[in-house]
Amino acid sequence: MSSERAAKADRIRHLLATEGDSVGENARGFNAGRYDSVERLEDYEAYKDRARAIKEEAIERLPDLIEQVRETVEENGGTVYVADDAADANRYVREVVRDNDAETVVKSKSMTTEEIELNEALEAAGSEVWETDLGEFVLQVADEAPSHIVAPAIHRSREDIARLFNEQFDLEEDLETAQELTEFAREYLGERIDEADVGITGANFVTADTGTMALVTSEGNARKSVAVPDTHVAVAGVEKIIPTFEDLQPFVELIGRSGTGQDITSYVSLFSPPVGTPTIDFDSDEPIADAGSEDREFHLVLLDNGRMEMREDDQLRETLYCIRCSACANSCANFQSVGGHAFGGETYSGGIATGWEAGVHGQDSAAEFNDLCTGCSRCVNQCPVKIDIPWINTVVRDRINRDAEDGQFDFLVEGLTPDEEPAGLDLQKRFFGNFATLAKLGSATAPVSNWLADLPPSRLLMERTLGIDRRRELPAFERETFVEWFRNRDVSRPVDAEYHAVVYPDLYTNHVRTDRGKAAVRTLEALGVAVEVPDVAPSGRAPLSQGMVATAEDHARDVAADLEPYLEAGYDVVVVEPSDLAMFQREYEKLLDADRYESLADRSYEVFEYVYGLLENGADPAPLGSAHSGADDATAGTGTETGAADIAYHSHCQQRTLELEPYTIDVLERLSYDVVTSDVECCGMAGSFGYKQEYYDLSMDVGDRLREQFEAPDAADRTVVASGTSCLEQLDSLLTRRPRHPISLVDPGRVD
Amino acid sequence: MATQLETFESNLGTVRTDVTRATPSTFEAAIADAIVEPAVGTSLPFEEVSLANTDVVCDPTSTQLREAACGVTAAAIGVADYGSVVLEATPDGAEFAGLFPDRHVVVLRKRDIVPDMAAAFERLGDRFRDGRDDAVIATGPSATADMGELVHGVHGPRETHAIILESEEQSERDGETRGENDVQ
Ligand code: SF4
């Protein structure tokens, strides 16, 4: 096990060193471009809703639409073939190629043909196959798999490509600049296109009512591959069909923006083949127009390859809505560091690849890289068809867990942490998934537990059996839990309070960072809220992160039951830990029945969102800690004013997905703090991920971008605050300054 | 407020496409300015103008196409919000003339400019159902960043130029409006 882990860590380190820079620069460029471009699009949200609705309808009606496509394409004079699987599709295309005596075949970029490994199949049958998209051409020459679904050669720098071309081609002079490389490729591929007998493309969309293919490219190669050879084969997954021609419009406006951040890509080709463009013969001296287009032949291969089964699968179905724009990959902090080759999979890469790989290649292919999704949820709002990508990752993780064989160390956790999961579940997963039990034990035996855990032999053992990296500082458990503190406290409750709230004692606030819980209680009470801190079950975030869905579901039910009496009595639920709030508002929808989910989701708030609401409704902020309180405030203890008014704030991923970041900033600013914020995608920790030995280096590499921002001159002297537990831990290891939770600044009993 | 034409023109600029306005009487001069020779083209489906009296070789052979530095073709629609033009394939090979040479000159009537993609798709839907079912929405020159930085003219043109055709009266009226705007 640990050698497997070490191998994984090695491979990640290797990719960080060799491909990380190039991937990072490009993916972050695309990502920034997307933010700018969607900003310019009026009604972006409405576009996404429409795009999603079209896809939902299309997948729902898919069998009918396939028949409709068959009719319209055949009416237009083309042929449609529905292929069951890769072998079936390859056989069909091979026959078309053979019937045309095609020695040379040119292709424009198509992930679907990568999925079925069409090139290999055609080459085995004796044809030369050339990729005409420059990125794909580079990979073909290098004999490599794509690292990215839109920009396949994203991991290669110009210098790399120059070296490759200079080695592979017999050139008079070495190529160097991007311009030279491009010109060489253009000419080389131009000749291949001219001599080709068959052109193969994918299709971004196929419209059922008109039998139209839509191809989105920036280079113009798809058009040439269609128009120059007189036989055209389009290979498309059945999920590419949409009902009507007009349905193309939102996608045309969304796809480029979502992918590379361009408002629109240079060429959006729309055609209902066979096309009317005359066939071209470069040896003839007749005007092109005289050739006519009668010889043109068109075949549409619609590929099933597991998709119809995905359609029946309630959890994987959404994957079929994906338009392969790559926004999820570009916005993924881990992807930005290592790229698609670390994400593995046979064909697809990045966030949604888990769904694709599980659907078309089976779970084993998805298993390899599924772990790299930390569940941070940053991709969720970036997806133009609103797919809950982390959820698909979680589900597939769960299924992989269930397929696992019994492990040898199971007895270690079995008795300690009974859960709903299969016996063979990876020990590391089980350990993190049952953090609740550990936390309870840790608090009960603190400080001995902390001392014990920190001893070198313990760390070694933990690393060996659980894969917890020795370099990470472990959370220190408090002897008195947050719930106990509240219970033991002797403070009179406000009479006739207008607001009643439960402060949710999440695992960390209850056992590790009790200070932030206490600060939250004091803050709310100062604003006139009657507060309760009952003993409530853990949210289930920890098991969910490990793909232990059944255990998470158990937790969810317990939480709902524990909170029900309070909700019925009119209490709101205030949550300090953003990842737990995200559980209540996002994942619980999948884990609880609708009524229970809604009543909890509607009434739960992030602590700053709640404070903001109170202030907006007229609560007096005077008792709260502000930039000016500190030294002269009796309750502030040893506080000093210097520097503490200037804040560098890192919001938590899930908090940003829920669009809650502005509340913290607003409240801090009302209290005269000067706030700058980080704009990196993620801190790189995302909970258990950063503790795991195999991911430590990746986690630190991602974190490095946050460190750079907070060490830049405009932030270097500021007090660092962060909302999430994992962000705080990561910042703690990245910076020399000790980060704190923003609620500690607002706390009326603020202690600096 | 910018007029639709002005929006279109400024967006063409954003996507690296030069623009000239022309009327039927200034059209030939505009073509002469916009092309580089040798130029090939396909017949324009507009009554007001033709390429007959220009230096553009219409109805080219494949050799002429291959040697051309410039291609001239018509656009059916202009999309103001994006600076996009809709190029239709024709039986005389407009598609090739717009794709092979290094420079592409697009001729477009002012009245075929629509404000946004939604309007463009409405028109395209009608055309596709009528059987004119082959079009490229082209926005600026061909481009790639696959070789490490942005390079234009990969498989398609490196330079694009749009000639917007107005009627004589439109052009005068535009002049007046522009004049009025200047006063304000
Ligand atoms: S899942 Fe969404 S964001 Fe990711 S590639 Fe598919 S459509 Fe794009």
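**Salt bridges, contacts and backbone of a predicted model**

User: Which residue of chain A meets the side chain of B:Glu95 in a salt bridge?

Analyst: Happy to start there, keeping in mind that this is a predicted model. A salt bridge needs a Lys or Arg nitrogen within 4 Å of a carboxyl oxygen. For B:Glu95 the N to O distance is 2.3 Å, and the partner in chain A is A:Arg223.

User: How many salt bridges does the rule find across the interface of chain A and chain B?

Analyst: Side chains of opposite charge can pair when their charged atoms come close. Here 60 residues of chain A are in contact with 47 residues of chain B. Across that interface, the number of salt bridges found is six.

User: What is the area buried between chain A and chain B?

Analyst: Good follow-up, as the size of an interface is often given as the accessible area lost when the parts come together. Carbon and sulfur atoms give 58% of the area buried between these two chains. The total for chain A and chain B is about 4,600 Å².

User: How many residues apart in sequence are the parts that A:Lys386 and A:Asp49 tie together?

Analyst: These two residues form a salt bridge whose closest N and O atoms are 2.7 Å apart. A:Lys386 sits in the loop between helix H18 (363–370) and helix H19 (389–403), while A:Asp49 belongs to helix H3, so the pair links parts of chain A with a sequence separation of 337 residues.

User: Is A:Arg718, the partner of A:Asp674 in a salt bridge, buried or exposed?

Analyst: The closest N and O atoms of A:Asp674 and A:Arg718 are 2.6 Å apart. A:Asp674 lies in strand E16 and A:Arg718 in the loop between helix H36 (696–711) and strand E17 (719–722), so their pairing ties together parts 44 residues apart in sequence. A:Asp674 has a relative accessible area of 40% and is partly exposed. A:Arg718 is at 11%, and because buried means under 20%, A:Arg718 counts as buried.

User: Which residues are joined into one network by salt bridges that share partners?

Analyst: A search over all chains of the structure finds 63 salt bridges. Where such bridges share partners, they join into one network A:Asp388, A:Arg541, A:Arg586, A:Glu587 and A:Lys590.

User: Why does A:Asn510 count as buried?

Analyst: With residues up to four places away in sequence left out, A:Asn510 touches A:Thr481, A:Phe482, A:Val483 and A:Pro505. Buried means under 20% relative accessible area. A:Asn510 counts as buried because its relative accessibility is 9%.

User: Which residues have the most contacts inside the largest nonpolar core?

Analyst: That core has 81 residues.

User: Which residues around the ligand come nearest?

Analyst: By class, the shell around the ligand has 11 nonpolar residues, one polar and one charged. Of the 13 residues in it, the nearest are A:Cys322, A:Cys325, A:Ser326, A:Cys328 and A:Cys383.

User: What is omega for the cis peptide bond from B:Glu37 to B:Pro38?

Analyst: In chain A, the bond from A:Pro273 to A:Pro274 is cis, with omega near 0°, and A:Pro274 is in the loop between strand E9 (267–271) and strand E10 (297–303). B:Pro38 is in the loop between helix H2 (27–34) and strand E2 (39–41) of chain B. For the cis bond from B:Glu37 to B:Pro38, omega is near -5°.

User: What is the phi of A:Asp43?

Analyst: A:Asp43 is found in the loop between helix H2 (20–40) and helix H3 (44–60) of chain A. With a relative accessible area of 53%, A:Asp43 is exposed. Its phi is positive although the residue is not glycine, with a value near 60°.

Terms used: Residues are numbered from 1 along each chain as its sequence is written. Chains are lettered from A and ligands numbered from 1 in the order in which they are written. This is a predicted model: local features need pLDDT of at least 70, side-chain atom pairs count only at pLDDT 80 or more; totals for chains, interfaces and linings use all residues. Side-chain values use heavy atoms; hydrogens and water are left out. A residue is near a molecule or strand if one of its heavy atoms lies within 4 Å of it. Ala, Val, Leu, Ile, Met, Phe, Trp, Tyr, Cys and Pro count as nonpolar, Asp, Glu, Lys and Arg as charged, and the others, Gly among them, as polar. A nonpolar core is a set of buried Ala, Val, Leu, Ile, Met, Phe, Trp, Tyr and Cys residues joined through side-chain atoms within 4.5 Å. Buried means under 20% relative accessible area, exposed over 50%, partly exposed in between (1.4 Å probe, protein chains only). Contact means heavy atoms within 4.5 Å. Buried area is the accessible area (1.4 Å probe) that two parts lose on being put together, summed over both. Helices (H or I, at least four residues) and strands (E, at least two) are DSSP runs, numbered from the N terminus.
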